[in-house]
Amino acid sequence: MAASLGSYSPTVEIRYSEGGTGMSFHSHAHFELYYFHGGKGHYLIGDKIFVLSPGDLILMHGMTLHCPNMDASVPYRRTTVHFDPAFVKALADDKPFEVNVLKPFYELKNCRIPLSGDVRLEVEALLEKMRKLSDDRGKVSRDRMLVAFLDLLLIVYDVCEQSADSASAFPTDKERHVQSVVDYLEEHYQEDVHLEHLEERLHVNKYYLSKLFKEVTGATIFNYLYHRRINQAKIHFLLERSLSVTDVCYKVGFKHPSHFTRMFKQRVGVTPEQYKRQAARS
């Protein structure tokens, strides 16, 4: 049974959730802190696969495509904090901070920080404090939640200054093979991709690769590829507004505008033309 607690605001959102096995590939403009309390599974974020362990803290930067895939037989618990980096920058600039609390997000992009000992306990206590304060709609509680959030970002900054991402350490060849597929697709998503290309490049049977990819990520290779292309298209619409829909279609690897439109609407909910108009108004 899934449970979710938290509150939303235009600037900072914290949510604790239980249950479920994850969600489909998605992205969002805000930054994210993801804390893994418990469960068993993988998290595909951008071009990296993370094998999760309780105590893992993940930093996510902006429009990164991501998707968790969890083992349904093990209780899945996590806390997510979404925030607007522009708001945090303005908030921090008004205070006498000596460090840029957003530095880890800009320099490390998407990374995992395994927490343990006193730091893990402190982070968990801060997340719980933030969640409780966010449930109270009072102005003082909101300000106290923001202070706790800034404290959390300072801890993250300090930990990142001392830690290195350990995402490359995979427990089995299964994750290593799937990471190789993701690496290949990241380099070639704009091209005409076939399973035979992966088989030739990675020297692993294409059917076996397909099976492993589905097992680790919860998606097929081509479902991931289409999500990757469409996510890149969204970025082009947001950042390169002079490009036409047809330009973006070919730029991200689709051969036919009609196929691009159909895939885009299935995954985003609006047509590329509608999304482009929305982006122009934002």
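Which strands does helix H5 lie across, and at what angle does H5 run to E5?

Analyst: Happy to! Please keep in mind that this is a predicted model. Helix H5, made of residues 173-188, lies across E4 and E5, and H5 runs at about 155 degrees to E5.

Now for the sheet itself. E4 and E5 belong to an open sheet of three strands, ordered E5-E4-E7, in which the pairing is antiparallel. In general, the strands of a sheet pair through backbone hydrogen bonds, in either a parallel or an antiparallel way. Here the edges are formed by strand E5 (48-51) and strand E7 (66-70), each of which pairs on one side only. Averaged over the sheet and ignoring direction, neighbouring strands are turned by 15 degrees against each other.

Strand E4, covering residues 41-45, pairs with E7 in the antiparallel sense over five bridges. Within this part, His42 stands opposite Asn69 in E7.

Helix H6 (residues 195-202) packs with helix H7 (residues 206-217) at an angle of about 100 degrees, and their axes are 9 Å apart. Because of that angle, H6 is roughly perpendicular to H7. On the H6 side, the contact is made by Leu195, Glu196, Leu198, Glu199 and Leu202, while H7 brings Lys206, Leu209 and Ser210. By type, these contact residues comprise four nonpolar, one polar and three charged.

The largest pocket holds about 430 Å³ of space. It is lined by 20 residues, and the closest to its centre are His61, Met63, Thr64, Asn110 and Ile235. Helix H8 (residues 221-239) gives the most to this lining, with seven residues. The lining as a whole divides into eight nonpolar, seven polar and five charged residues.

Notes: Residues are numbered from 1 along each chain as its sequence is written. This is a predicted model: local features need pLDDT of at least 70, side-chain atom pairs count only at pLDDT 80 or more; totals for chains, interfaces and linings use all residues. Side-chain values use heavy atoms; hydrogens and water are left out. Axes are lines fitted to C-alpha atoms, for helices over the stretch in contact, and angles run from 0 to 180 degrees between N-to-C directions. Helices (H or I, at least four residues) and strands (E, at least two) are DSSP runs, numbered from the N terminus. Angles under 35 degrees count as roughly parallel, over 145 as roughly antiparallel, 65 to 115 as roughly perpendicular and the rest as oblique. Contact means heavy atoms within 4.5 Å. Ala, Val, Leu, Ile, Met, Phe, Trp, Tyr, Cys and Pro count as nonpolar, Asp, Glu, Lys and Arg as charged, and the others, Gly among them, as polar. Two strands pair if DSSP finds at least two bridges between them. On a 1 Å grid over the protein atoms alone, a cavity is a set of points where a 1.4 Å probe fits but cannot get out, and a pocket is an open set with protein on both sides within 12 Å along at least five of seven lines; lining residues have an atom within 4 Å of a point. Grid points are joined across faces, edges and corners, and a volume is the space filled by probe spheres set on the points.
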